[in-house]
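Here is a short note to read beside the model, written for someone opening it for the first time. Take the points in any order you like.

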Amino acid sequence: ETDLVPHENGWRGGAQLYHNWARVHASPPRTPDWYAQSPAWAWVGLRGQHEQNIWHTTSDLPAISQAVRRAGVRLIQLTAYAESGHDTLYPDYLPGPGLGGEAGLQEAVSQIHQSGSTISMYVNGRLIDPASSLEYGQRQAWGVRAHPGAQVLTERYGSVIFELMCPGASEWRELFIQKLIYLVEKFDINGLYIDQVCGARSFACYASDHQHTKPNLAWSFYRHFLEDLRARLGEVKPELFLATEGVNDLLGQYFDSMQAHNDWPSPMGDIAQPLHNLFRYTFPGHILNAGCIREGQSGMEYLSLAHLSGGSCDFGIWDWAKLPADFVPKIQNVLDWRQRQHETLQYGDLLPGLRCSPGFQANAYLASSKILVNATRSTPYSGNTPPALAEIHLPNLEAGRIASVRRLHNGQMVACQWQPAKDSVKLLPPGEQIISIEIKLQ
């Protein structure tokens, strides 16, 4: 069914209708507090798909964890750890012997935890590699069939042709959950990144012995799949977090954060207009990790997007030691601010009507006793000295309600210049790339 509902108030009117529906059908999960404070991650892979050369071994992970921690990132996402490299051997989620093996990963995780950092592991929620340990009969019984009597549907990634598993196959769901329970119990990891669940195509399945009653209902079983998976993993480790690729309303409620993949091309092409506050306005409480953030201009754009939207970051930086010197403090600012103010950024009301001087964007988040303003400069500047002051107008705020205005600067809260204006308050912070302001109310 499709409902067409007229509304006023621009995009916010439509988003409010969507928000009202989501409050009933797609509530945010109870995210572990440690992860809500520091949900940024940095990817670390050990080997490329069927490559001879090794990028890293498990013994390198503690040092890499320390390197990203210096930029404020407390979590590494381990991927490409199978013996034959990235996108191989699913669902045999074990570190290859030549890459450190199980004992090597256990030791690495222990050292990472001792340093105060965390680690998560990549798994894939859809695909099976025929070269894995799963038997042919299992793959045939659990796979997606595009029409009656068809062969199991396949997808190619790199040189591997994977078979696509149906979430309506109960034995497949159980095997997958058992694989993940083993990872959590064996390695004491802090989280799991389950790839493709919200970021890849869904299919009708014509297999007659799966639990779905109609082919087009096959993918609806991901809701039962993920609800069961989350509950059972939570019994093993209550502070475990789950993340996924892509953004989804119904399925996103089973994940503590979703990877936005802003680097993917838009289906609308050049006619699309980025709306950095739409997701946060519609789905308060859900965490979106912007990225993939790498070196260069696009990385700065995605870092700014993460800050504006009150979310967090998906880092894909190959060598953190070679980052430009002026990039690291900006990363630290965004992540420090998120850690300090995570509750307001995640659950506070997104205020309408902000106005900024040309070249700047801003969002404001309201809690009971404060307003947070996250602002960014649309065009980068070079050197250590930012240009002239930015102007950010907050409407419908009386100057008499303000107790203090401070901004985050080099890890410290310092006074921020401001002025009362007609029907608003005008904030005047330095025109830096990343601007973080706290207004305490009285």
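1. A term to begin with: a residue is called buried when its relative accessible area is under 20%, exposed when over 50%, and partly exposed in between (1.4 Å probe, protein chains only). By that scale Asn-410, with a relative accessible area of 67%, is exposed. Asn-410 sits in the loop between β17 (402-409) and β18 (412-415), and its phi is positive, about 55°, although it is not a glycine.

2. Before going further, please keep in mind that this is a predicted model, where local features need pLDDT of at least 70 and side-chain atom pairs count only at pLDDT 80 or more, while totals for chains, interfaces and linings use all residues. Residues are numbered from 1 along each chain as its sequence is written, and side-chain values use heavy atoms, leaving out hydrogens and water.

3. His-261 also has a positive phi, of about 50°, without being a glycine. Its loop runs between β9 (257-259) and α9 (278-282). With 15% relative accessibility, His-261 counts as buried. The element names come from DSSP runs, numbered from the N terminus: helices are H or I of at least four residues, strands E of at least two.

4. Do look at the two cis peptide bonds described here. One joins Tyr-90 and Pro-91, with omega about 10°, and Pro-91 belongs to the loop between β2 (75-79) and α4. Another runs from Gly-291 to Cys-292, with omega near 10°; Cys-292 is in strand β10 (residues 287-293).

5. Which residues does Ser-132 touch, not counting those up to four places away in sequence? They are Leu-89, Tyr-90, Pro-91 and Asp-92, where contact means heavy atoms within 4.5 Å. Ser-132 itself lies in the loop between β4 (127-128) and α5 (136-142) and is buried, at 10% relative accessible area.

6. Helices α3 (residues 61-69) and α4 (residues 101-114) pack at about 30°, their axes 8 Å apart. That makes α3 roughly parallel to α4, a label for angles under 35 degrees. Leu-61, Pro-62 and Ser-65 of α3 meet Leu-105, Ala-108, Gln-111 and Ile-112 of α4.

7. How many disulfides does the structure hold? The number is 0, a disulfide being a pair of cysteine sulfur atoms within 2.5 Å. The sulfur of Cys-166 is 3.9 Å from the closest cysteine sulfur, in Cys-205, which is too far for a bond. For Cys-416 the closest cysteine sulfur, in Cys-356, is 13 Å away, again too far. Cys-166 is buried at 0% relative accessibility, and Cys-416 is buried at 6%.

Key
Axes fitted to C-alpha atoms, helices over the stretch in contact; angles between N-to-C directions. Parallel < 35°, antiparallel > 145°, perpendicular 65-115°, else oblique.
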